Structures are given as C-alpha cells and as structure tokens.
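The following account leads the reader through a structure chain by chain and then turns to individual residues. Please keep the sequence and the coordinates at hand while reading.

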Amino acid sequence: MIYREVGDFKTTYRDDGQTFPIKFDRLRYYVVLAVAFCIVPFIVNDYWTNAVLLPFLIYAIAAIGLNILTGYCGQVSLGTGGFMAVGAYSCYKLMTGFPDLNIVFCVILSGGITALVGMLFGLPSLRIKGFYLAVATLAAQFFLVWLFNKVSWFYNYSASGQINAPERTILGVPITGAGTTAPVTYLFCLVFVVVLAILARNLTRGHLGRSWMAIRDMDIAAEIIGVNPLKAKLTAFGISSFYIGIAGALLFAVYLGAVEVGEVFGIQKSFLVLFMIIIGGLGSIFGSFAGAAFMVLLPVFLKNVLVGGLGWPTDIATHVEFAIVGALIVVFLILEPHGLAQLWKIIKEKLRLWPFPH
Amino acid sequence: MSADFLFGVEVFLNGLMAGVMYALVALGFVLIFKSSGIFNYAQGVMALFAAQTLVGIQTGLIPFSHMINAVLGTKVHHFGWNVPTVVAILLTVGVMILFAIIVEKLILKHLVNQEPIILFMATIGLAYFLEGFGDLMWGAEIKKLDIGIPQGGNIWVEENTAFLGGDDFFGFYLDTLDIYAAVIAALLVTSLVLFSQYTKTGRALRAVADDHQAALSVGISLRTIWVIVWSIAGFVALVAGVMWGAKSGVQFSLSLIALKALPVLMLGGFTSIPGAIVGGLIIGVGEKMFEFLIGAPYLGGATENWFAYMLALLFLIFRPQGLFGEKIIERV
C-alpha cells in the first residue's frame, strides 16, 4: 500500500533517472545506511565482525568487481583469486615500503596496481571469447599465485613466505595490525563498500556501463553500432580488477592480517566470488550484496546447526556443507537463473499491486 | 650421446606419458561438450567419485558410515568382504550410469535452452555437490587403489635402452603404470571412435553434436542421448580416476586434474577428439620440457602449475578456436 509511485511526482529528468524511483525504496535505503553507520558499530562484538560482517563487506566489493566484468560486460573470469592476491601483495609492499603513507591511499593504490595487471590479462579477451576466455583467465590465477610464492621480493624475503600487516592508524586509531577493535575495522570497510557501490551503480548506468552491456549482449553488433570493443573490454577488466584489488587489500590488511598466498587466494576464492554473483544475480549491484551475504552466512549457519546444534564432527559438517552449497547452486540455477536480485524484483512488482492485484 | 641429452629424452618420454593422462581427462570433457554444448566442470570430480566408489566397493566399505556413526553413535565401517576387481569395476560403471540418469532427470532436463554459461555454472555446483557427497559416502581420507597393475620403473625398457649411453647410463626410467595408462587410453580412444562411426547410437550421437534441432526432428531422443553421453563420460572418468588413483592414491587432489585438462582442451579445441589427444601430448611434453630446460634452472621451479595455461593462452591469441576446433563463424 505504501510501496508505489503514485503521488510521487517527478518534475526533472534528474528525478526521473534516479536509482530508487519509489519513495519507500529511497527511505529504506537511507534507513539501511543509517543503521549500518550509526547503530551497528555500537552493538557489534568480535565474533560477529570477524565471522560475518567483515567477510560480507569485503566479498561484496569483490562481487561488485566481478559483476562488472562478468555480469555487465559478459567476460567470464576465473582469475579473481589471483587479482585479489595482487591487491593484497601490492598493499603489503606499499605499507612496508612507504610507512608514512596513509592506509587509505595504500588500499586505493593497490586497487590501481591491480587494475593495471587486470588490463594486461584482459588483453587476450579481444581475441578469445566465452569458455576459452574463462580458461585463459585461469592462466592469470595460477601464474600470479606462483609468482607471489616464488619471488621473495614480494614478501620482503621473510622466512615463512607469509606477509603480515604492520600496524597503521588513522587519527591515532589502529586500522590494521594487532590492536584493532571490531567497530573500527567494520566502519573502515563499510566506507569503502558504500563509496564503491555508489560509484559502480553510477558507472553501470552511464555511457561506459551501456557500452559494456552492448558488448555483453552481442559484441559484433555492438562494434557495428560504434562501441569500441577495445575500450569497453579493457575498461571493464581495469575497473573490475580495481574493485577486486581493493577487496584483496582489505582482506589481507584489515581482516586477516597475515596471508599465505596459496591458501587464501587459491582457485577456490575465484569460484567463491563467482558463486556469489551467480546466486546474487548477474548484472546487479544489489545482487552482489545479496550473493555475498548468502555465501558468507550459509557456512556460518550450517556450522552452527551441524556442529553446534547436532554435535557432528567438523569434517563431516564440512562435507555436508560442500554438498549443500553445490546442490543449492544447482537448485538456484534451475528455479531462478537470474539470482536473488530477480526474486527481489519479482517481490517488488508484487508489492506494488498488493493488496489489490486485479 | 651426452648424459644431458639422454636425460632430456627421458623427460620427453615422461612428458608424453603425463600427456596421455591429461588427454584421458580431456576426452570426457570433449564428449559431453560435443553432444550437449555443456562444458562439464564436474568431470574431474566425477573421476574422483568413480575412483572412490571403486575402492569403496572393492574393500567393502559401508557407504555413509562416518555419518551413520556420528548420528547414531554406532561404530560400523566395513561389511567385511572384498569384492573381486572385475565385479567392483562393473558395479562402479553401474553407479556412474545411475549418476548419469540422475543428472539428466534432476538437472539437465530443467536447464534445456539456458545459456551455456548457466549450464557451466550448474556443473560447478554439481562438482561441489559430488565432492561433498563422495566424501560423505566413502570418507575423505587418502585411499590406496590397487587393481593389479604393477608399479615402478619398467625393467624391459631400461634394459633395452641402456646401450644408448655410456657405462653410467642404465636406460630410460618409465613407470610401468604410465605405459599401461597409455595403452588403455589408446584402446579407449579407438573404441570410442569405432563406436561413434559404426553403431546406430554412435551415429545418433554425432547427429546431436551437429545440430540439436535437426536431430530432434528426425526422431532422436535428446534425453536418451544425454544419458548415454554422460554415462560414457562417467566411464571415461572412471578410467582416468583409476589411472591417477593408482598412481598417487585416491584423494581430493584427483579432482584438480580437471583443471589440468582445461588448457589441453583450449589447445586442441573443445569439439575435437583428436584435438584432446594431441593437445594432451603437447601440454604434457611442453610442461615437462619447460620445467627441465627453463623452469628449474632459471625460474625457481614449479612452473608446471601455470605453464600449460600460458601456452594455451599464447596459442589462442593466434588461433582462437584451438588446434582442431571448428572455425568460429559469428553472425549478427
């Protein structure tokens, strides 16, 4: 009853093109932001931040990044783990090489470095398409992980081969390292998520986003109507990698603190992020959030039920989790190939007519 | 002949053997891709599952025993019998056929006419499911697979090549198991080619591969064909699983051979059975030789992880459809 556009008159083109055309949606958006910024930081504890909130926020950034490439531009990538590793290692090199540099710039710069690497590995996409490209991005995945394992310059010749985040502060409050507190790390990541999500939303509905979608729908036709495939594909690879690099940097510096490349940034990570955008919905910013939330919450939920509730051994719980995640993905694809975002859209359509659908 | 050169030849031969193994996995991919346009990521996990099932049946493991013990508090693990290898293999083939039927009924049927990428994702989901399911059913520990193929260096080859070098050269070292694998792979490929050329079902398979709709219109049941193809792929997975499993034990890493097969496919083309074989050999030899000549001396080793992908990537830039793939024609 409250969810409809009736009575909400748009008098400018600006109003007409806004992200949330329905008043209730706008209100909900501001309420979510207000809760996330003003209430959540005061009630979170360490368990919730580390098990749910931080991974959710960080993977949401990675999922938006992959969604730009796969969902909007149609280039399937299995190299997400490798690109996240680039973000993490460049963040580490920047933090240790320039101790005075603010952590915010470290993270953004490492995103930039990842963007360059991503564009380099995106070059073959001009020749190769579809599955062939998906497999080609595996080259990036395996090569990058090998590189960070073998070249000791990347981990400052440390004996363990690990990288550890040194302590960095903003205004005296520790953001990385051992002395961090849950609300601070949460807020730090949240700021990145909100800024990047707004940026992504506006990029994807502008000129650039439209050229990506034209390439996705049919690249030859897009080329004929004047979309430059070189520019569209490389910007998609660059911007997508920028997001993924930032996610990798945050994952390493803020969330984990210490990283061993093969363990954290292996091929499983690539699939995890891919699952997020499939389950969430390809070509949707909301879908990236929904998918990230789903894939982060599901293991926590299953673990609590199986290990905590039923008292099963953890290894069996892990196998059950694998089977359930796999089955859910198949079920999702069968029931709703366009993911949670599509379900959400359908619910909204229904809501607009509720309670008098006829 | 110098010792380095002889060692190089030995690396080359071992690369060929490894290539045969890759080709064996790639073959399963090509079969399914040709007939249904599905890029079946689950092929590697199918190999793992098949090998697990074989070991489980052979040694009389009780399925789901870990889970039963956890839920009911019992301590069951074995039936207490050993099934002969041949019977166990036949039973495993039966399980793989059952698996094919279930996949067709529960997944493929509902995903007809979806985009290829959606089908690809579905097979990734299937891979995850099967991995968890297989571990639940048979347990995740490393199992030893013994089906009576001897292991270790082949003495006949060593004795008959020893004359090539000097006194300190004792002949080429080739694993007997690898030689068996090569022979079995050759037999498998030959029989598959004969099957698809000279039987009615084989002809139907080729018709479906050429054009789904045309095949449907002349009365070929697509769903039956899919079951058959997935069964054959399951059988190929069993062979690959047995070979790899006998070599390095039945364990999780077995499912990763699927990833090794991907560059093979890119190189050979997704739609070509000879391509899978030649691609496998090129990748096998290429990565061993690269590691021997450049990787180990100059780059710090372990280049086998990525070399195949890089080779395939470079290759694709010049020939996007692979070595033997059909030429990609795009229309607007």
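Chain B has 332 residues and a radius of gyration of 21 Å, which agrees with the value near 20 Å that a compact globule of this length would have; the radius is taken over C-alpha atoms, and the globule rule is 2.2 Å times the number of residues to the power 0.38. Its C-alpha trace spans about 65 × 65 × 40 Å along the principal axes. The model is predicted, so that local features need pLDDT of at least 70 and side-chain atom pairs count only at pLDDT 80 or more, whereas totals for chains, interfaces and linings use all residues. Residues are numbered from 1 along each chain as its sequence is written, chains are lettered from A and ligands numbered from 1 in the order in which they are written, and side-chain values use heavy atoms, with hydrogens and water left out.

The secondary structure of chain B consists of 13 helices and zero strands; helices (H or I, at least four residues) and strands (E, at least two) are DSSP runs, numbered from the N terminus. Of the 332 residues in chain B, 53% are buried, where buried means under 20% relative accessible area, exposed over 50%, and partly exposed in between (1.4 Å probe, protein chains only). Among the contacts in chain B with a separation of 6 or more, 73% are between residues 24 or more positions apart, a contact being heavy atoms within 4.5 Å.

Chain B carries 16 positive and 21 negative side chains, and the centres of the two sets are 16 Å apart. Here Lys and Arg count as positive and Asp and Glu as negative, while His and the chain ends are not counted; the place of a charge is NZ of Lys, CZ of Arg, CG of Asp or CD of Glu.

How confident is the prediction? Chain B has a mean pLDDT of 81, and 92% of its residues reach 70 or more; pLDDT is the predictor's confidence in each residue, from 0 to 100. Within chain B, confidence is highest in helix α4 (residues 85-106), at a mean of 90, and lowest in helix α6 (residues 155-161), at 69. Where pLDDT is low, the predicted coordinates should not be read in detail. For the complex, the predictor gives an ipTM of 0.81 and a pTM of 0.87.

Chain A contains 15 helices and four strands. Its radius of gyration is 21 Å, close to the 21 Å that the globule rule gives for 358 residues, so chain A is as compact as a globular protein of that length. The C-alpha atoms of chain A fill a box of roughly 70 × 55 × 45 Å along the principal axes. Buried residues make up 52% of the 358 in chain A, and of its contacts between residues at least 6 apart in sequence, 74% join residues at least 24 apart. Chain A exposes about 16,000 Å², with carbon and sulfur atoms supplying 68%. It has 23 positive and 17 negative side chains, the centres of the two sets lying 6 Å apart.

Helix α13 of chain A (residues 285-309) includes A:Leu298, and A:Ser288 also has its place in helix α13. A:Ser288 is buried, at 0% relative accessibility. Beyond its neighbours within four places in sequence, A:Ser288 is in contact with A:Ala60, A:Ala63, A:Ile64 and A:Asn67. The C-alpha atoms of A:Ser288 and A:Ala341 are separated by 8.5 Å, although these residues are 53 apart along the chain. A:Leu298 is likewise buried, with a relative accessible area of 11%. With neighbours within four places left aside, A:Leu298 is in contact with A:Val325 and A:Leu328. A:Leu298 and A:Ile324, 26 residues apart in sequence, lie 9.4 Å apart from C-alpha to C-alpha.

Two loop residues of chain A deserve attention for their backbone. Most residues other than glycine have a negative phi. A:Tyr157, however, has a positive phi near 55°; it lies in the loop between α6 (130-150) and β1 (163-164) of chain A and is exposed, with a relative accessible area of 58%. A:Leu171 also has a positive phi near 55°. Its loop runs between β2 (169-170) and β3 (173-174) of chain A, and at 85% relative accessibility A:Leu171 counts as exposed.

Terms used. Areas by Shrake-Rupley, 256 points an atom, 1.4 Å probe, with all protein chains shown as cover.
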